[in-house]
Amino acid sequence: MSVTHGKMGLSLTQEILSHLGLANKTAAWGTLGTLRTFLSFSVDKDVQRLLKAIAGQGVDCIAILDVLTNRSREQRQLISRAFHERTQQDLLKSLQAALSGNLERIVVALLQPAAHLDARELRKALKGSGSAEDVALEILATRTPPQLRECLAVYKHNFQVDAAEDIKSETRGILRDLLLALAKGGREAYTGIIDYNLAAQDVQALKQAEGPSTERMWVLVFTQRNPEHLVRVLNQYQRDVGHELEKTVRARFHGAACVALLSLALVIRNTPLYFADKLHQALQETEPNYQVLMRILISRSETDLLSIRAEFRKKYGKSLYSSLQDAVKGDCRSALLALCRAEDL
C-alpha cells in the first residue's frame, strides 16, 4: 500500500467513524468509559474492606475510594446490598457519618443509582438554582431514552410530582417548551434510512423561522428529530446560508433560550465536546465547580469519558487529568482523578 493510499484510507476511516456516533454505540464497540467492570470482583472482600475503613480509629479514605472508584455502578450497588445484609446497616448512611465535605458528596453520588442521582440533580436545577438551561438540559438531552424514563419515574416517586409540572412552574418561554419536549422523550429513533427530503424541509423551515411566533419550529426540529438527521440538517443549513446555524441562534434568541439552543446544537454535533466544554468551564471558575465535576465524571465514567478526555485535550491543549490536578484541592481530588483515570499525552 502506498503512503498516499494509506492517508486516503485513514481519512475515509476517520470520516466513517465520525458519523457513527461511537459514544452512543458502546454496546457494539465496547465501553468508551474509564471505569470498567472489575474482573476480580469479590463482594465479600469489598464489604470487609469498607467495614475496616470506617470502623477503625481513623477513617481510611484511601481504602474507601480505592473500592468505590474501581467498581462499576452495578458492582457498587451489589456492595451496598451485601453490606446491609451482613451488618444490618446502610452503607450510604455509614459513609456519610464517617465523611464530610466534597468527599462525602462524591461518595454519596458514587453509591446512588444513576437514575436517583439524575433525579436529584434535575430537581435541584429546576427548584431555585437558576440552572435549568444548563443542568436540566444536560440531563434531559444526553441520557438515553431508558435512562431518561427511569430518571423521571424516580423524580415522581421521590418528589411526589412530575418533572414536567416543575418545568412548567419554574421555566418559561422557549426554554420551557424545549425542556418539556425533551422530557417527553419523543425524539425519533434512527432507522438507518436517510430522508433527504425531510432534511431539506427542516432546513427551509429553520431559514424561514426567524420572525416572531416561530419558536415552535425550532422546538420541533431540535427535540424531535434523531441526532443523525439533525447533523445533516446543521451541515446543509451551513451550505445553504453560508454560516453555521449557531450564528442565527445567537442573533434570533437571547438569554436562557439562546444558551439552551446552542447547548442542544453542540450535543447534536459532538456530545463528548459538549461535556469537555462544561468541565473546562467548571475548572476555570475561581473555586472549581465541584458539583459539575462530580456529576459529569461520575455519569460519563462508564459511557464516554475517554472520548470527553480526547476532546478536552484537543481543544484546550492540556489533558483533563492535568487540569484536575492543577485546579482541584481537598479530599475529593483523588476521587476525581481516579474517575478520570489517566493522563492524555
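This is a short chat about a predicted model and some of its local features.

Reader: How is the pLDDT of the chain overall?
Author: The mean is 89, and 89% of residues reach 70 or more; pLDDT is the predictor's confidence in each residue, from 0 to 100. Over residues 1-30 the pLDDT is below 50, and beyond near neighbours in sequence that stretch has 14 contacts in the model, a contact being heavy atoms within 4.5 Å.

Reader: What ground rules apply here?
Author: As this is a predicted model, local features need pLDDT of at least 70 and side-chain atom pairs count only at pLDDT 80 or more, while totals for chains, interfaces and linings use all residues. Residues are numbered from 1 along each chain as its sequence is written, and side-chain values use heavy atoms, leaving out hydrogens and water.

Reader: OK, salt bridges. How many are there in the whole structure?
Author: A search finds 26, where a salt bridge is a side-chain nitrogen of Lys or Arg within 4 Å of a carboxyl oxygen of Asp or Glu.

Reader: Which residue does Lys278 pair with?
Author: Glu138, at 2.5 Å, N to O. The pair links distant parts of the chain, 140 residues apart, with Lys278 in helix α18 (residues 271-284) and Glu138 in helix α9 (residues 132-142). Helices are DSSP runs (H or I, at least four residues) and strands are too (E, at least two), numbered from the N terminus.

Reader: Are those two buried or exposed?
Author: Lys278 and Glu138 are both buried. Buried is under 20% relative accessible area, exposed over 50%, partly exposed in between (1.4 Å probe, protein chains only).

Reader: Which residues are joined into one network?
Author: Arg120, Glu121, Lys124, Asp134, Glu138, Lys278 and Arg295, through salt bridges that share partners.

Reader: Switching topic: where is the positive phi of about 60°?
Author: At Gln160, although it is not a glycine. Most residues other than glycine have a negative phi. Gln160 sits in the loop between α10 (145-159) and α11 (163-170), and counts as exposed because its relative accessibility is 67%.

Reader: What does Arg341 do with its phi?
Author: Arg341 has a positive phi of about 90°, and lies in the segment after α22 (333-340).
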